[in-house]
Amino acid sequence: MKKWRMLGVAIMLVSLMSACAQEIPHTNTSKDNVIVLDKETIKGFEKGILVGTPLRLDKKIHLADVEKVWGKYEEMHDHEDIHTYVYTIKNRRVVIDEDELKTLYMFHVEMGITREEILAKMGNPTKGKKTGKTLVYQKRDYRVTFGSFDDKTWNLILYKVPQDH
């Protein structure tokens, strides 16, 4: 009987060690995402650019610039001075905010990605804690925020930080 217990414990230990040694699941692919979190994309954050999209904050862009690439938006929400435009690209929502001067200033992009993938690529958040539902990274003049929808879906928000912060 003692041998069976030892065998059972050994099997459990091997199972536990192999489970811990598994790689982080890779859900962050270009097949399913508008934006893939890689080195080039992370460098783009420092310049206010969402690589692989028409969305950028390093210079003034307007909705017409986005429409040239993605066509007409699917939804528009009018909040008096602010307008919000919604696209669906690769089955992911992309939300664009436009100010009263008709300049695009904030982008929200739904991503298929896990917290582990974000932390592995971006490192520890510069604000808040890495265990929360929101991960905030300051990249020069721009702030990148990841907000959790569920374990494998996060919303990336990019905007320029006001100079007084």
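## The hairpin of β2 and β3

In the hairpin of β2 and β3, 2 residues sit between the strands, and K90 takes a positive phi near 55° there. This is a predicted model. K90 is a residue other than glycine, yet its phi is positive. Its place is the loop between β2 and β3. How accessible is K90? Its relative accessibility is 43%, so K90 counts as partly exposed.

Two pairs of residues show how they line up. I89 stands opposite R92 in β3. Y85 has I96 of β3 as its bridge partner.

## The hairpin of β1 and β2

β2 also pairs with β1. That pairing is antiparallel and spans 5 bridges. Here E75 has V86 in β2 as its bridge partner. The hairpin of β1 and β2 has 2 residues between the strands. Within this hairpin, E80 takes a positive phi near 65°.

How much of β2 is buried? The strand is mostly covered, with 6 of its 8 residues buried.

## The loop between β3 and β4

Next comes the loop between β3 and β4. K102 lies in this loop. K102 is not a glycine, but its phi is positive, about 65°. With a relative accessibility of 43%, K102 counts as partly exposed.

E100 is found in the loop between β3 and β4 as well. Which residues does E100 touch beyond its neighbours within four places in sequence? The contacts are with D81 and I82. E100 and I82 are 18 residues apart in sequence. In space, their C-alpha atoms are 5.8 Å apart.

## The sheet as a whole

An open sheet holds 7 strands in the order β1-β2-β3-β4-β7-β6-β5, and the pairing is antiparallel. Which strands lie at the edges? They are β1 (75-79) and β5 (134-139), each of which pairs on one side only. Neighbouring strands of the sheet are turned by 15° against each other on average, with direction ignored.

In a regular strand, side chains alternate between the two faces of the sheet.

## Helices on the sheet

Helix α3 lies across β2, β3 and β4. It runs at about 10° to β2. Helix α4 (residues 115-122) also packs on the sheet. It touches β5, β6 (142-150) and β7 (153-160). The direction of α4 makes about 20° with that of β5.

## A closer look at α3

α3 spans residues 63-70, and L63, V66 and W70 are buried in it. Why do these residues fall on the same side of α3? They cover an arc of only 65° around the axis, which puts them there together. Their cover includes β2 (82-89), β3 (92-98) and β4 (104-112).

After α3 comes G71. Its phi is positive, near 80°.

## The whole protein

How many helices and strands does the protein have? There are 4 helices and 7 strands. From the N terminus on, the elements run α-α-α-β-β-β-β-α-β-β-β.

The protein has 165 residues, and buried residues make up 41% of them. Among contacts with a separation of 6 or more, 42% come from residues 24 or more positions apart.

Notes. Residues numbered from 1 in each chain as written. Predicted model: local features only at pLDDT ≥ 70, side-chain atom pairs only at ≥ 80, totals over all residues. Heavy atoms only, no water. Buried < 20%, exposed > 50% of the residue type's maximum accessible area, 1.4 Å probe, protein only. Arc of directions from axis to C-beta. Contact = heavy atoms within 4.5 Å. Pairing = 2+ DSSP bridges. Axes fitted to C-alpha atoms, helices over the stretch in contact; angles between N-to-C directions.
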